[in-house]
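These are my notebook entries on one protein structure. I went through the fold as a whole, then the sheet, the helices and a few single residues.

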Amino acid sequence: MSQMTAAIARPREAEDRALVALACRVMAVAGLFDMHGHISLRDGDVAYINGRRASRISVTPAQVAVVRVADGTVVSGEAPAETALHLGCYRARPEIRSVAHFHPLAATAFATVGKPLITAFNAGAPFGRSVPVYDDPDLVRNDEQGRAVAKDLAEHRAVLLRGHGVAVVAEEVPSCVTLSLYLEENAKRLAYAMTIGDPQPYTDDEIRRVAASLWQPFVIEKTWIDGQERARRAGALDDLV
Ligand SMILES: [Zn+2]
């Protein structure tokens, strides 16, 4: 395939690469990504994902890998070892356009001790009653494992990976970053509340009403802008235009 044909096939490649690099840095500055963690964006038949070697706080658009969703073929760059997790979610959920996988302290702790990450704070409402758990701590490196994660994710917005981390899915990148922040915030608040007493789970009606108030485009936009601004003030966006 010639360069020209490739450019026509992926007309938004430059902006898709830039958005993934930006989101990756935002997740790093937010403390969700350490040396590990990846966020991807599906556009057409490919997914853009931060490259496996690049530091999450300084990944460049050129270091973003491109992977074909249907068969996992790496079109360019070095895809992370657990790209299969992203592909499994994309294949199972056609509406999903962004996936994040990372190892946050609080949310992962719930799956580690086998306590459900319930919704007892507003930040948890977009996830429903509780977040499902994928019960295998091994890295998600192949299609079979990716399929198994997607099966446990089902129609939810996140799944905990026991002893390992989490996966978050959304219709676009800003929502994926927002949900990632909410997931860990809910887990932190819940863990703190459990040191005082027994958290009171929201009823289905409370979850529905709070989610309807909270899961709004302007809240997602506000969170995404705030995440970018924190990264900018931290100097992590200096070389990104
Ligand atoms: Zn992992």
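Entry 1: contacts and overall form. I count two residues as in contact if their C-beta atoms, placed from the backbone, lie within 7 Å. The model I consulted is a predicted one. For the secondary structure I noted eight helices and eight strands. The radius of gyration is 17 Å, close to the 18 Å given by the globule rule for 241 residues, so the protein is as compact as a globular protein of that length. I also noted the span of the C-alpha trace along the principal axes, about 60 × 40 × 30 Å. Of the 241 residues, 43% count as buried.

Entry 2: the sheet. In what order do the strands of the open sheet lie? I read the order as β4-β3-β2-β1-β5-β8-β7-β6, eight strands with mixed pairing. β4 (74–76) and β6 are the edge strands, each pairing on one side only. Strands of a sheet pair through backbone hydrogen bonds, either parallel or antiparallel.

I then followed β5 and the strands beside it. β1 (residues 38–43) pairs with β5 in the antiparallel sense over four bridges, and S40 stands opposite V99 in β5. β5 is joined to β8 (residues 165–170) by five bridges, again antiparallel; here F102 has V166 of β8 as its bridge partner. β7 (residues 158–161) and β8 run antiparallel and are joined by four bridges, with V159 partnered by A167 in β8.

Entry 3: burial of β5. Are the residues of β5 (residues 98–102) mostly covered or uncovered? I found five of its five residues buried. In a regular strand the side chains alternate between the two faces of the sheet. In β5, S98, A100 and F102 point one way, while V99 and H101 point the other way, and all are buried.

Entry 4: the nonpolar core. The largest nonpolar core has 70 residues, and M27 and A167 have the most contacts inside it. Helix α2 (residues 13–29) supplies the largest share of this core, 10 residues. I noted that α2 lies across β1, β2 (46–50), β3 (64–68) and β5, and runs at about 155 degrees to β1.

I next listed the contacts of A167, leaving aside its neighbours within four places in sequence. They are L85, C89, V99, H101, V149, L153, A158, V159 and L161.

Entry 5: helix α3. Eight of the 10 residues of α3 (residues 83–92) are buried, so this helix is largely enclosed by the rest of the structure. The buried residues are T83, A84, L85, H86, L87, G88, C89 and Y90. I looked up what covers them, and the elements include β1, β2, β3, β5, α5 (143–153) and β8.

Entry 6: helices α6 and α8. Helix α6 (residues 173–196) lies across β1, β5, β7 and β8, at about 145 degrees to β8. At what angle do α6 and α8 pack? The angle is about 80 degrees, with the axes 9 Å apart. Angles of 65 to 115 degrees count as roughly perpendicular, which makes α6 roughly perpendicular to α8. At this contact, P174, S175, V177, T178 and L181 of α6 meet I220, E221, T223, W224 and G227 of α8.

Beyond its neighbours within four places in sequence, I220 contacts P174, S175 and T178. I also checked I220 against H103: the two are 117 residues apart in sequence and 22 Å apart in space, C-alpha to C-alpha.

Entry 7: A120. I located A120 in the loop between α4 (105–113) and β6 (133–134). Is A120 buried or exposed? A120 is buried, because 20 other C-beta atoms lie within 10 Å. Its C-alpha atom is separated by 5.4 Å from that of Y202, 82 residues apart along the chain. Leaving aside neighbours within four places in sequence, I found A120 in contact with L190, A193, P199, Q200, P201 and Y202.

How values were computed: Residues numbered from 1 in each chain as written. Helix = DSSP H or I, 4+ residues; strand = E, 2+ residues; numbered from the N terminus. Rg over C-alpha atoms; globule rule 2.2 N^0.38 Å. Buried ≥ 20, exposed ≤ 12 C-beta atoms within 10 Å, placed from the backbone. Core = buried A, V, L, I, M, F, W, Y, C linked by C-beta atoms within 7 Å. Pairing = 2+ DSSP bridges. Axes fitted to C-alpha atoms, helices over the stretch in contact; angles between N-to-C directions. Parallel < 35°, antiparallel > 145°, perpendicular 65-115°, else oblique.
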